[in-house]
Amino acid sequence: MKLLSKITKPILLPHWSQDLFLTIPRIVCGYLLAFDFGASKFGMPWSPVDNNLGLFEVAFWFPNDVASYGGIFAIAPAFFAWMGAFTEAVGGLFLLFGLQTRITSFLIICTMLVAIFMQQIQNGLWNCLAAMGFLWVAIFYLIIGSGRFGMDYLLTKNKA
């Protein structure tokens, strides 16, 4: 439990306004991951109706896309598709609210590295920009945590 608390506790900047300013990319990226990128391939209550996705259901095309990466992805494409879509949709929510930010950021980093190097890189760097943006934001929040304006701070502020 001490390790989880240590992982959860964010680094606070000297002034609250600095934390407030650094909250903006976390909220924007969390929102985009949860409500756009993730919701298009993972069934959430706000997923587009025309995607025909049940709750926590992966889009029919996504496991085939993942299988085409080869290697371990071809062995268990449904698992990796579910994990990637879950990380974007639910991990995006966690990032948005600053809940378990470091753990979520690590999972987003893994997902974005796969998206960049297994899916998008052959289409040119321009197509990698969204995943690269999420990657850099996730690396940043892996280091500092949610900051003062996240659930992690509220959960750990009274703990030593």
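**Aromatic rings and a buried aspartate**

In this predicted model, F42, F56, W82 and F86 form one aromatic cluster.

Q: How many aromatic pairs does a search of the whole structure find?
A: The search finds 12 aromatic pairs.

Q: What makes the pair of F73 and F80 edge-to-face rather than stacked?
A: Look at the angle: the ring planes of F73 and F80 stand at 65°, and over 60 degrees counts as edge-to-face. Their centres are 5.0 Å apart, within the 6.5 Å limit for a pair.

Q: Why is F73 called buried, and why is F80 called partly exposed?
A: Buried means under 20% relative accessible area. F73 has 15%, so F73 counts as buried. F80 has 24%, which lies between 20% and 50%, so F80 counts as partly exposed.

Q: What makes F140 and Y141 an edge-to-face pair?
A: The centres of these two rings are 4.9 Å apart and the planes are at 85°, so the pair is edge-to-face. Y141 is buried, at 1% relative accessible area, while F140 is partly exposed at 31%.

Q: How do you know that the charged end of K41 sits over the ring of F62?
A: The charged end of K41 is 5.5 Å from the centre of that ring, and the limit is 6 Å, together with an angle within 35 degrees of the ring normal.

Q: Why does D19 count as buried, and which side chain does the side chain of D19 join in a polar contact?
A: D19, in helix α2, has 2% relative accessibility against a cut-off of 20%, so D19 is buried. Its side chain joins that of R148 at 2.7 Å, within the 3.5 Å limit for a polar contact.

Conventions:
Residues numbered from 1 in each chain as written. Predicted model: local features only at pLDDT ≥ 70, side-chain atom pairs only at ≥ 80, totals over all residues. Heavy atoms only, no water. Helix = DSSP H or I, 4+ residues; strand = E, 2+ residues; numbered from the N terminus. Buried < 20%, exposed > 50% of the residue type's maximum accessible area, 1.4 Å probe, protein only. Polar contact = N/O pair within 3.5 Å; in protein donor to acceptor, adjacent residues only side chain to side chain. Phe/Tyr/Trp six-rings, centres within 6.5 Å; stacked < 30°, edge-to-face > 60°.
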